[in-house]
Amino acid sequence: MLKDIYKQKKPVLSFEVFPPKKNDEIYNIYKTLDTLKTLSPDFISVTYGAGGSNSKKTAAIAAYIKNICEIEPIAHMTSVAMTDEFLNQFVTELNAKGVHNVLALRGDRPKDMSDEDYANRQFYYAEDIIRILHEKSNLCIAAACYPEIHPESDSRKSDLHYLKQKIESGVDFLITQMFFDNNRFYEFMNLAIKEGIDIPVSAGIMPITSSKQLGTSVSLSGSSVPHKLSTLVAQYAESPEDMQKAGIEYAAEQIDDLVKNGVDGIHIYTMNNAATATEILKLCSL
């Protein structure tokens with residue numbers, strides 16, 4: 001299980017991939033995984049569509065990672081449209097495929113979910129399914145954390161309070177939301193330690209390879225953009241190749257600094273682009 005890997009080495013290296021929307025594109029993700037395998041990650045995570053729309057693909061891709069790539073997978077699981085029955089089915093399917101690690105999240109509200117269904121959903125927070133998974137399964141459970149405060153939290157103190165509460169429900173390690181300023185991560189870690197949060201934390205790194213991608217990433221995550229990165233984007237906005245190169249170099253520098261400062265793990269959001277992940281690892285100490 002992944003919690004054991006964190007006890008054996010530092011930093012742990014991991015990647016995130018997502019299931020393709022179209023069924024006939026599933027083979028592309030397998031090709032991507034075959035390449036990512038050559039980079040020797042400790043685990044690879046697979047996202048899960050809003051409301052479980054991609055749950056079958058998530059389980060299938062996780063099984064490919066486990067049984068073909070021979071790398072530990074972790075399957076995302078979102079609570080927002082989850083029911084007891086669906087939760088049990090998904091856990092049973094994962095176990096049948098040899099997948100024993102999950103990343104439990106609240107998730108985004110599905111676009112077709114009515115106000116009434118959203119208000120009356122069975123599980124309101126990730127903590128609700130974490131507690132059940134911890135009590136009724138032998139899965140290794142990861143959860144998300146936010147170096148720059150969850151978008152719905154009113155303060156850092158409140159955010160850490162609920163994070164600790166979530167961890168006490170049965171979380172084994174954490175993966176952060178993407179961030180672009182390492183100082184924000186270090187501030188978060190120092191405060192978390194003071195609050196008694198002492199489980200491993202993998203730092204989520206999103207390589208920015210286009211100016212459009214930065215805008216999308218910031219709007220989704222709420223992450224701040226340091227002056228150095230915004231300057232790079234402005235400088236290379238009209239030169240896609242230079243922007244891609246600069247974004248990869250920026251991510252590699254982030255990773256080197258994190259490793260130098262003793263980070264537990266590095267989690268690269270690959271956007272299903274194995275070439276970008278490969279170039280980053282060529283440049284950094286990992």
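Modeller: This is a predicted model. Eight strands close into a barrel with parallel pairing, in the order E1-E2-E3-E4-E5-E6-E7-E8. On average, neighbouring strands of this sheet are turned by 25° against each other, direction ignored. The part to look at is strand E3, which covers residues 72-78.

Burial comes first. E3 is mostly covered, with seven of its seven residues buried. Glu72, Ile74, His76 and Thr78 point one way from the strand, while Pro73, Ala75 and Met77 point the other way. The residues of both sets are buried.

Next come the partners of the strand. Strands of a sheet pair through backbone hydrogen bonds, either parallel or antiparallel. E3 pairs with E2 in the parallel sense, over four bridges; here phenylalanine 43 has glutamate 72 of E3 as its bridge partner. Glu72 is also one of the buried residues listed above. E3 and E4 run parallel too, joined by four bridges. Alanine 75 has valine 102, in E4, as its bridge partner. Between these two strands the chain passes from E3 through helix H4 (residues 84-96) to E4, and this β-α-β crossover is right-handed.

Another helix belongs in the picture. Helix H6, residues 126-136, lies across E3, strand E4 (101-105) and strand E5 (140-145). H6 runs at about 150° to E4.

Technical notes: Residues are numbered from 1 along each chain as its sequence is written. This is a predicted model: local features need pLDDT of at least 70, side-chain atom pairs count only at pLDDT 80 or more; totals for chains, interfaces and linings use all residues. Side-chain values use heavy atoms; hydrogens and water are left out. Two strands pair if DSSP finds at least two bridges between them. Axes are lines fitted to C-alpha atoms, for helices over the stretch in contact, and angles run from 0 to 180 degrees between N-to-C directions. Contact means heavy atoms within 4.5 Å. Buried means under 20% relative accessible area, exposed over 50%, partly exposed in between (1.4 Å probe, protein chains only). A crossover is right-handed if, with the strands pointing away from the viewer, the path from the first strand over the helix to the second runs clockwise.
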